Each structure stands twice: as structure tokens, then as C-alpha cells.
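Please keep the sequence and the structure in view while reading.

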Amino acid sequence: MAKFFAVTLAVIAIASAIPIVMHTWEPPVDISVHGKLIDDQMSETMVEAGICFLASQLVLAFFIWRYSNRPKGEKIRSFPGGAKGLVVAALIIVGLEVMALGAFGTKAWASIYFTPPSASALPIQVQAGQFAFYFRYPGPDGTFGPLHPEMINEATENFFGLDTAHDPDSKDDIVTAEMAVPVNREIHLLMHSKDVGHSFFVRELRIQQDFVPGLDLSVHFTPTKIGKYEIVCTQLCGLGHYNMKAYLEVMSQEDFDNWLKQQAALQ
Amino acid sequence: MHDMSAHAVHHHAPPTGFIRKYIFSLDHKVIGEQYYLLALVAVYIGLVLSWIMRIHLAWPNAAIHGLQFLSKTGAPGGVMTPEYYLQLMTMHGTIMVFFVLTTAPFAGFGNYFLPIQVGAEDMPFPHINMMSFWVTFVAFIVAVAAFFVPQGPPLSGWTAYAPLSALGEVAGPGQGTGQVLWAVSIAIFCVGQLLGSLNFISTTLDMRCQGMSLMRLPLSVWAWFITSCIGLTAFAVLMPACILLILDHVAGTSFFIPSNLVVNDQIQPHSGGSTLLWQHLFWFFGHPEVYIAIVPAMGVVSHVLITNMRRPLLSHRVIIYSMLSIAFLSYMVYGHHMFVSGMNPFSSIAFSFPTLAITIPATIIVLIWIGSLYGSKLRINSASLFALGFISMFISGGISGFFLAQPSIDIMLHATYFVVGHFHLVMAVAALFGIFAGTYFWFPKVTGRMMNETLGKIHFWVTFVGAYCIFMPFHYLGMAGNVRRYQAFVDDFMAPLMPVHKFITIAALITGAAQLVFLYNLIHSRFWGKPAPQNPWEGTSLEWSIPSPPPFDNFGGKLPVVYHDPYQYGVEGETSDFVMQDSPEQTNSARDER
């Protein structure tokens, strides 16, 4: 029974590692400038975690195989080096390495959160609400008009609560249900929620950021590949959570300019 | 520590009537069994909920016959609505975390065995102990009542993030009465745990018998003691958080609701609250809660493993200090649940390092377990198999924590199935393996009968392989970007992942079915099992020095005197390889290697 357990454990450990080594399930290809840092950090952590996982499970399996049901006369022996050796091993091999990994990993985090967006970044506002995202572009004046939550009205499609009759800045604002951005241009995404918590997750962009009702948050990123990508909500927001999504279209600058003109005409 | 051996008198007389003996009992053993039974009822409810969710995820349009009787509107014709999926998910998490993972390994086993293992005849405050169980029972009834109110249970998950949880019915089905019942239930539950923790702490510090120094306490006692200390502070924060949430619902306050929220085109009549406040309060409890579930299991597993390895661990002290370090660090790591929540990004770095640091004491414990297996004389039985399975699960679940502890990687893995796989392995499955190990190990002591070993091993094999088949693929799904808390995967992106979901569902159904074997074994052995001797596993701690089942006052009116460290195994005796803790016999065995 013990030997069978040991073999089962070893088989499970190795089988668990196979899809990782074979890259069977992987995140979609990165389309951002900062994403490589995250992907590299992920790979380095995977190597370390994989070694720790396999080594510990296989040694556990081996010891179960070797030291179970021993005959009566055999004596108890102690692990060479005893507890002290193992404590030192835990501190150095796992502790130091994991802490170092964490320290290097801050570089990827810092690249998103500790640097401000450049002055030339394109500002886009995104509003999350049960169960849709809406996007706002500032229009030719480059300024967003103020929000009036009491004027939000889905029936008249005033999703943001804009008062275009009185606020001159709002007049040229462009509100859309899809997000389009020019390729290789930094985007400064200004985020707010109108009701409950939501999240903005684009796997390919390596960006995930919660919307916090009552807080204005922002992230910035630079998409590098033209294409259409899914924006999903990852913060449980109610019964339609599973269906709350929009699309991000990364276009050439020329296509983006045309798209923006078309959207402006539709307002 | 008191010397009470000379005048050991049980401070309350044995009850005679059925109600005082089995219902409103003051006896810590009966209370321990009551907690265990409550967890048993809860775990099967939680299991059925997980089955229903898994079937729905794999076959979203399939009718689950009978489900319409639980909720006509939630599952018309047995086909679940999107909101009902979330409502069942909330109840699955709530029931499992609070009423199983906290209740069984800590309150259940702890109540029964902590006083016996320290050499006491009961806890110092038996009435408070009785109250702690009945308060917990009421909390359970209130939680389950949410199934039967109009609109059903809340859909905001076991984490009940505000303002979804605070706005009331306008935020979604179940967010009115159901959510209030949830918050009332958890607040009451906290009271029960606080009362229980007080008793555990005072029993450990004040009721130890003569000779039972702190370092002579078995590791299970240390684990329950440390858990009580964590619980005392963690539940003391969750309770007021729940009270504030209730006030937001019933008193028109705005603790967790900011100004100018618009739902259904209507401005909500709240202003000035903070949604992140709920997350801070909740996770200040929520992360230590992980250790409230896992530390008792660590203690139980150490105790079971040592007995079956026939040797003490390489170091008793190092395990104790490591568990204490985990408890200490547990309050400094909770922010890793909130890396992308919108809190200050510098805080994420500050929370990341203690989270990474907690791997050190956890690794030390694992290495000491594995290192102690070297040169041991391991006995294989259902209890030791589950204890070894625990180690494997704890390693697997713990290692995925390397990823989630790093804010940069969390950007990709947060709110995906990777997180679900991680916490199910390290917290849920590992703790359940601890509960199973404890059950197979202590069942003979509690009932005076042995459990069926063959059924126990069948239970182990299916559960061990099954748990890996369920929760390892969760990690892969998460890495591929499969987000959690979705009732169906409607977009093209997740369609290729559906075969994995189907595989997981089938594994979950089979693994769940194996739990019925356990239930049958438990009930059958309770009444018809082979009679158990006093010390079937040749253990050394005090519970094995008394009859099975133990008498009302545990030690027959005379408290024991302890002469040894708790795990005197590997002793070269003529007939046995161990010396009981209360045996005056001198030993020359190798003591704890310090």
C-alpha cells in the first residue's frame, strides 16, 4: 500500500508538471510594452516553484516508499543534519530565493504603477456599471466635460451623465460602447464605477485593475499589436457579471482617426 | 499551571437527563461532538452545492432534477438562472469556510481533545463553552434560512464585497433580506468563535495537569492554542464589520457606500462611505482565517504522523515556533488579496514581502515533516494516509502562493481559477485531509469502536487522486486566463477551455461520491464497528491513557501527572517502542533534537 501510494504521488507530481512544461495552457500573447516584464517574472517563478514542487513531492514519495512498514528489529534513524540543517535549507533555498524573486518582481509592478503616464498619452475615460463598460474620448478640445450622476439615463443613452446643453467641454465628448486605441501610443485610462465594484481585465494587455465606487483610479499602458481583444469584468458585480464585457480594438493611427470621426458623427 | 491532582473534582456533576447530557451539555466532549456533527451536516450541504455548480458550469443548460424544489424562481424546471448560480456559490463558500473549515478542525477536535491532552477534566468555563456551540448553531440556521426567504441567498460571494453587499435589493436578487441574514449569521458566528477561543486559551494556560509544561504539550494542543489566539483578534474585527454592513441595510448608514452611486438610473440615498474599508476589515479577518483552518490541521497531522512514524519530529520546538511565526505574520499579509483593488500601489509591495516571508515558516514545517519520515518506521493506515496526503496537498497549494504573493504576477492571475485552485488545495482540501486524518485516528477514542480500514482506504484513494484531478486543472485554467465567479463561459475565448471544465466536473462528482463512503463508514462503525482498545495506535499522549470512550470527567476523578515530552517513541523497550506521557518510567530515548 505504501509503495503504491509513493508511486501514485510521484505520477501525480510528474503528470501535474507536464502541461506546464509543454505550455499546454498559457496566457494569450502579450501586446503591451510592460507585459514582457510580467511574463518573464511568471516564467522565473514557474521554474523555482516547479523545482520546489517536484523535489518536495518526489522526496516525500521516496521516503514513504523507503521507510514504511519496516521490520521490527530495525532502528529509528535521524535525518543527517537534523532540524537545524532543514531550517537553514528553508531559510536559504526557499526563503532567500523567494524574497529575491519578489524583490526583482517589483520592477514589473513599478513599470505600471510607479511611473506616471507621459504627457502625450491619450486619455480615455472608462465607466463600469451593471453590466456594461462605456468609454469616453475628450473630443477635439482635449477636455472631458464634468459628470452629473443624477443625469445618468440609460433610455436616453446618457450613460455618463453629461450635460451637453450647459457644459461646453461635454459637447464634443465622444461616448462609445467599444474601446478603440491607436497602436504604439500610450493610453491613460481614467476609471470610475457608477454603481458597484467591477474590474477591467485585458489578458493580452497584462492589465487588470478594479473599479472602486467612490474612487477615481487610472492605469496607463501602450498596446503594440493591432487586433481585437476582449475586456472582461473580473470583480463580482451581480447577476450579469459573467456577461459583462466589451472589446478593445487596437488600430493603426489612421484607422483610429477615422473611427473617432465616425463615432463623433454618431453622437 | 495548577496541581489539582490531589483534589480533582469535576466542577459540574454528570448530567442525568437526555437534554442536559446530549443537547445543552456542559461536557467539552459532547460539545466537541456537536461541533463535529454540525460541520458534518454543513460539509454535505456544501458538497451538494459544489456538485450543482460544477454540473451547471460543464452543461449550462442541463436541468438538475429536484433543484426547482429548492427555488422555483432560481431554478425553473431545474435549470439554474445566472443569479442562482452566484447565490449557491456564495452559500458554498460561506458554509464551507465558516461552518466546516473553522468548525471541525478547530472547534470540533479542539473541544474534545484539548482538555484531555492537557490533563484537565473540562474547560474552565463550561457554560460559555456550551453557549459557544449553540451560538454557532444559531448562526448556521440563520445562514441556511437565506435559502428560504423571497429572492433567496445573497449573490455577492463569501467575501461580500461592498457596495454590492450593502446597497440592498436594488443591487441584485438576494442582496436585501438574504444579504442581511448572511451578515447576521456571520456576526453571530464570530461571537461563538470568540467565546470558544477564550475557553481554549484559558484551558491551555491554566488547566494543565502537574508536569505538563508548555513544551510538553502535544503539537495538536499548540495548534489549537495558536489558532485561538488568531481567532480572538480576527473574529473581533469581522464582527463589527458585519454589524456595520447590517446598519447600512437597516439603519440607512453609509459605512461602505460612497456618494453618488447610480443604480437603475437612480442616485442611491447614501454618501460618504468607503468601499475599500470593507475589503480591509474583511481581509484583516479573511487571511488569518486561512490559518484558522490550516493550523489546527497542521497540529492534528503532526500528531497523527508522529504516532504512525514511531518517532518524534526532528524538532518539537521548531514546529511550535514556526506555527507562532505563521500566526504573527498572518496579520501582515492580508493586503495580497487587494493588489489590484485600487489601494495605494506602494502598499502592494509592503504586503507582498510578508506574504513571501510566510513561506519560510511554512517550508520549515514541511521540511521537518518530510525530514522526520527519514529513518522512521511508518505505519500505513487510513489516518496516516490522510496525514501524508495533507502534506502533499499543502505543498501543492502552498507553492502556487509563490505566484499570488507577487503583485506583478497577480495582475494576470487575480480573480482567475488559479486563485480558486490555490485556496482550495491549501486551505480547503488540506484542512479536510486534516479532518479526515483526525477522524480516522480519534474515532476509536470518541466512540469506543474502530472504523473500517478497507472503506477508509477506498475513501482515501478516491479523494486523494480526485482532489488533484479537480484542483490542479484549476491552476491551468487560471493561467490560460479563465476568470472565476462566472456562471457560464459565453465568449469565444473560454470555449476551448470547456473540455477541462467537463473533466473537473466528472472528477468532482466521483470524488464527492467517495465522501458518501466516508459517511457510511462513520455511521456504520459508530454502531457496529469492532470494539476499540484503549490505545489502538500505541500513542503516548494523555487521551490514550484513558478508556475509550472517555468517562465523563476524563480521568476518573484523579488528574494525571506528566513525566515526559509528548512523543516518546522509538524507545527500546522489551514489549513496546513507546512510553506514555503519564508513565513514571524513565526513558533513555533520544530527546527532542534542539
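This is a predicted model: local features need pLDDT of at least 70, side-chain atom pairs count only at pLDDT 80 or more; totals for chains, interfaces and linings use all residues.

How many salt bridges does the rule find across the interface of chain B and chain A? The rule finds 0 salt bridges there.

**The interface of chain B and chain A**

- Although the salt-bridge count is 0, there are 28 residue pairs in polar contact between chain B and chain A, with both residues at pLDDT 80 or more.
- On the side of chain B that touches chain A, the residues comprise 66 nonpolar, 23 polar and 13 charged.
- The contact involves 102 residues of chain B and 104 residues of chain A.
- About 8,700 Å² of area is buried between the two chains, and carbon and sulfur atoms give 73% of that area.

**Chain A as a whole**

- Chain A contains 5 helices and 10 strands.
- The C-alpha trace of chain A spans about 95 × 35 × 30 Å along its principal axes.
- The radius of gyration of chain A is 26 Å, whereas a compact globule of 267 residues would have one near 18 Å.
- Of the 267 residues in chain A, 52% are buried.
- Among the contacts in chain A with a separation of 6 or more, 71% join residues 24 or more positions apart.

**Asn69(A)**

- Asn69(A) lies in the loop between helix 2 (35–67) and helix 3 (82–113) of chain A.
- Asn69(A) counts as exposed because its relative accessibility is 53%, and the cut-off for exposed is over 50%.
- The C-alpha atoms of Asn69(A) and Val21(A) are 35 Å apart in space, and the two residues are 48 residues apart in sequence.

**Phe255(B)**

- Phe255(B) is placed in the loop between helix 7 (219–250) and strand 1 (262–263) of chain B.
- Phe255(B) has a relative accessible area of 32% and is therefore partly exposed, since this class runs between the 20% and 50% cut-offs.
- When residues up to four places away in sequence are not counted, Phe255(B) touches Leu244(B), Leu247(B), Asp248(B), Gly273(B), Ser274(B) and Leu277(B).
- Phe255(B) and Gly375(B) are 120 residues apart along the chain, and 58 Å separates their C-alpha atoms.

Technical notes. Residues are numbered from 1 along each chain as its sequence is written. Chains are lettered from A and ligands numbered from 1 in the order in which they are written. Side-chain values use heavy atoms; hydrogens and water are left out. Contact means heavy atoms within 4.5 Å. Buried area is the accessible area (1.4 Å probe) that two parts lose on being put together, summed over both. A salt bridge is a side-chain nitrogen of Lys or Arg within 4 Å of a carboxyl oxygen of Asp or Glu. A polar contact is a pair of N or O atoms within 3.5 Å; within protein, one must be able to donate a hydrogen and the other to accept it, and residues adjacent in sequence count only if both atoms are side-chain atoms. Ala, Val, Leu, Ile, Met, Phe, Trp, Tyr, Cys and Pro count as nonpolar, Asp, Glu, Lys and Arg as charged, and the others, Gly among them, as polar. Helices (H or I, at least four residues) and strands (E, at least two) are DSSP runs, numbered from the N terminus. The radius of gyration is taken over C-alpha atoms; the globule rule is 2.2 Å times the number of residues to the power 0.38. Buried means under 20% relative accessible area, exposed over 50%, partly exposed in between (1.4 Å probe, protein chains only).
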